[in-house]
Amino acid sequence: MGLGLNIISQRAGRPLLRSLLLAVLFAAVTVVYWHNFEVRLDGILSRDLNDEAKVLSSDDKSRLLRAMAAFKRQFGLELKVDIYLDAIPSIKKSGHAALFSLGIKNADVEITLPLVAYKAIDKANLRKLDDDLSSCLHYMPPAHCIFNGIHALAESLSP
């Protein structure tokens, strides 16, 4: 009689064990999918951030990518950032994106805006933004200067 109860109790625990294993498997697949999604999204967004000078840390890059995405959400305007060690090469101007190009050694700055944004911004503010970014590169880390530039551009474009 004791043997029969033992078999019943072993079978009674199996559905619970299967459910628990299924929940663990589902959680593991969810975590792996989420990680894969984040890596792919960072890869897509990082095309807009070109750090040839290798002056940005991974934390700076992720913060800049978030700021660039917020700028796009707020203004509907893509923002690209190119950081070069030496002089800024001749650049193909993009008709649909704002472009911050920085040359670290000489503190060169070039800001390119699409025609719609160029017409919306005060030209004196654009020159001031260019000068402020250039002087900032002499004294501050590039990430700090780019954050300030994004903020100043957003203020200039806000009504």
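Guide: A residue counts as buried under 20% relative accessible area, as exposed over 50%, and as partly exposed in between, using a 1.4 Å probe and protein chains only. The model is predicted: local features need pLDDT of at least 70, side-chain atom pairs count only at pLDDT 80 or more, and totals for chains, interfaces and linings use all residues. Residues are numbered from 1 along each chain as its sequence is written, and side-chain values use heavy atoms, without hydrogens and water.

Visitor: Is C145 buried or exposed?

Guide: C145 is buried, because its relative accessible area is 0%. C136 is also buried, at 14%.

Visitor: Which residue does a disulfide join to C145?

Guide: A disulfide is a pair of cysteine sulfur atoms within 2.5 Å. Here C136 is joined to C145, with 2.2 Å from S to S. The torsion about this S-S bond is about -90°, so the disulfide is left-handed. A search of the whole structure finds one disulfide.

Visitor: In what order do the strands form the sheet?

Guide: Strands of a sheet pair through backbone hydrogen bonds, either parallel or antiparallel. Strands (E, at least two residues) and helices (H or I, at least four) are DSSP runs numbered from the N terminus, and two strands pair if DSSP finds at least two bridges between them. In this model four strands form an open sheet in the order 1-2-3-4, with mixed pairing. Strand 1 (49-51) and strand 4 are its edges, each pairing on one side only. From one strand to the next, the twist averages 10°.

Visitor: In which sense do strand 1 and strand 2 pair?

Guide: Strand 1 pairs with strand 2 (residues 78-84) in the parallel sense over three bridges, and D51 stands opposite I83 of strand 2. By contrast, strand 3 (residues 97-103) and strand 4 (residues 108-112) pair in the antiparallel sense over five bridges; L99 has T112 in strand 4 as its bridge partner.

Visitor: How many residues lie between strand 3 and strand 4 in the hairpin?

Guide: Four residues lie between them. Most residues other than glycine have a negative phi. In the turn, however, A107 has a positive phi of about 55°; A107 is buried, with a relative accessible area of 3%. K54 also has a positive phi of about 55° without being a glycine. K54 lies in the loop between strand 1 and helix 2, and counts as exposed at 66% relative accessibility.

Visitor: At what angle do the axes of helix 2 and helix 5 cross?

Guide: Axes are lines fitted to C-alpha atoms, for helices over the stretch in contact, and angles run from 0 to 180 degrees between N-to-C directions. The axes of helix 2 (residues 58-75) and helix 5 (residues 142-157) come within 11 Å and cross at roughly 5°.

Visitor: Which residues of helix 2 make the contact?

Guide: Contact means heavy atoms within 4.5 Å. Helix 2 contributes D60, R63, L64, A67, M68, F71 and F75. Among the partners in helix 5 are F147 and I150, and A67 touches both, not counting residues up to four places away in sequence. The C-alpha atoms of A67 and F147 are separated by 7.7 Å, although these residues are 80 apart along the chain.

Visitor: Where does helix 5 lie?

Guide: Helix 5 lies across strand 2 and strand 3, at about 150° to strand 3.
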